[in-house]
Amino acid sequence: MADRVKDTSKSDIAYDRRIAQALIDALCHKTSGTSPDRRLALLLELWQRTRLDWGFVTDRLAVTFREHAWLGSHDRRFVAETLFGLVRGLRRLDAALAAAVPSSQKRSLTDGHRLVALWLEEALIDEAEAARFDPAVAWASVRQFAASLQRAPLREQVAVGQSMPDWLAARLLADWGDEAISLAQALSSRAPMTIRSNLLRAPKATLIELLAEQGLEVAAGRYSDTALQLSSRINLFGIEAFKEGYFEAQDEGSQLLADLTYVAAGPKPKLIVDYCAGAGGKTLALAARMSNKGRLVSTDIDDRKLQQLKKRARRARVSNHQAIAISADAWPDELHRLVGTADGVLVDAPCSGTGALRRNPEAKWRMQERDIAEFVAKQRQIARKAAALVRPGGVLVYATCSVLAAENAEQARALAGELPGFAAEPVTGVDAALIDAHGHFVTAPHRTGTDGFFAAVFRRRA
């Protein structure tokens with residue numbers, strides 16, 4: 001059964017089914033009012049705008065929901081889940097429909113067909129309800145299409161069954177072998193709602209109590225002592241505990257990257273640099289591990305993200321942090337003064353983001369295979385430059401949120417020969433099950449339930 005049904009409460013499922021049936025009425029032009037259902041019009045507009053540039057779905061939804069305050073919380077959740085479902089399953093839905101209609105009708109397939117196919121796949125409607133929209137389609141075949149692919153060649157199971165572009169399916173098969181299907185399936189599913197308990201604010205037990213007061217149940221993460229998973233889907237940012245800085249939304253794998261950087265930097269590090277900090281999720285996690293002791297510097301070429309980080313740091317009660325905006329070509333004097341002084345430098349390098357496709361599924365349609373070579377070159381350049389900040393005896397942690405070998409293990413091997421004065425060493429500070437035979441940190445959603453991350457540690461010789 002599809003993720004929406006599997007991971008949603010019974011009351012929400014019933015509500016979703018009522019909405020889906022109402023929207024089929026609208027698609028069939030059987031609405032009782034004089035104007036079409038506004039939810040359907042908004043959903044179709046969102047989908048069409050998303051396909052124009054494959055921009056971030058989460059950002060587009062946030063803007064849309066601010067502009068359309070008439071949408072209730074259930075409607076917002078339904079619209080969001082449906083849009084994500086279309087993005088995740090586009091190729092599979094189109095293939096299922098193409099196989100289920102007469103050849104004379106193939107050119108007349110519409111976004112309405114995609115919506116109906118998705119809701120049928122998610123068990124929000126049945127075949128009879130789907131046939132109301134278009135009786136010429138063999139909807140039973142659409143519903144059974146994903147299961148029928150289990151007998152197809154592996155590449156088709158990954159590319160079509162899990163709705164991946166051909167080039168990405170080929171790379172997953174080459175890099176992961178027999179695990180490629182389960183990995184692709186996990187990357188095509190919905191990510192859990194994971195948060196990090198902010199130990200600067202209160203112990204984790206206090207956060208659990210605060211969430212329980214709001215009727216929210218949580219489960220402990222599998223690997224990090226700060227990770228919690230929420231069992232229900234809500235607007236995290238509207239919770240008072242979030243506004244007061246008790247937690248941050250952060251995947252458990254991302255939390256572990258901060259943990260292993262902190263451990264590698266040595267006991268009571270005096271300076272850690274988060275070199276590609278972005279909006280600073282790992283910076284905030286590092287600050288909590290450092291207990292606001294020592295110095296924590298975040299850099300990024302996007303000053304807007306650093307401004308977001310500053311706001312987040314204030315809310316999280318972080319007091320040992322400094323943000324420094326840099327350019328791709330030059331460092332400001334305040335960063336130059338730190339050359340050769342950092343106990344640890346985390347380079348969470350720009351990458352394909354394939355390890356986070358559960359959260360950003362539009363990326364698989366936006367990316368081209370040629371982009372991978374560009375990422376690899378940029379990653380190597382950034383890592384070599386950031387290495388200058390590391391003191392003798394300190395560490396450089398190279399990390400990505402990718403599941404592709406070109407950006408991970410192959411890149412680590414290349415860096416081992418291109419960082420003069422550095423030597424690779426095994427990762428420590430995380431569960432041994434997350435460290436591969438080469439001493440690298442590796443997570444993947446089908447193995448660990450987290451997003452896909454990679455990290456390699458290089459220590460500068462004293």
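Modeller: Let me begin with Phe242, which has a relative accessibility of 8% and therefore counts as buried, the limit being under 20%. Please keep in mind that this is a predicted model. Phe242 forms an aromatic pair with Phe247, and this pair is tilted, with 5.6 Å from centre to centre and 55° between the planes. Phe247, like Phe242, is buried. Phe242 also pairs with Phe237, this time edge-to-face, at 5.0 Å centre to centre and with 70° between the planes. The structure holds six aromatic pairs, and ring pairs also link Trp47, Trp54 and Trp365 into a cluster. Another ring, that of Tyr246, has Arg201 over its face, at 4.4 Å from the ring centre.

From here we can turn to the sheet, an open one in which four strands follow the order 2-3-1-4 with antiparallel pairing. Strand 2 (218–220) and strand 4 (247–249) are at its edges and have a single partner strand each, so one side of each is left without a neighbour in the sheet. On average, and with direction ignored, neighbouring strands of this sheet are turned by 35° against each other. Three bridges join strand 2 to strand 3 (residues 227–230) in the antiparallel sense, and Ala219 has Gln229 in strand 3 as its bridge partner. Helix 14 (residues 252–264) packs on the sheet, where it touches strand 1 (193–197) and strand 3, and the direction of helix 14 makes about 30° with that of strand 1.

Terms used. Residues numbered from 1 in each chain as written. Predicted model: local features only at pLDDT ≥ 70, side-chain atom pairs only at ≥ 80, totals over all residues. Heavy atoms only, no water. Pairing = 2+ DSSP bridges. Helix = DSSP H or I, 4+ residues; strand = E, 2+ residues; numbered from the N terminus. Axes fitted to C-alpha atoms, helices over the stretch in contact; angles between N-to-C directions. Contact = heavy atoms within 4.5 Å. Phe/Tyr/Trp six-rings, centres within 6.5 Å; stacked < 30°, edge-to-face > 60°. Buried < 20%, exposed > 50% of the residue type's maximum accessible area, 1.4 Å probe, protein only. Lys NZ or Arg CZ within 6 Å of the ring centre and 35° of its normal.
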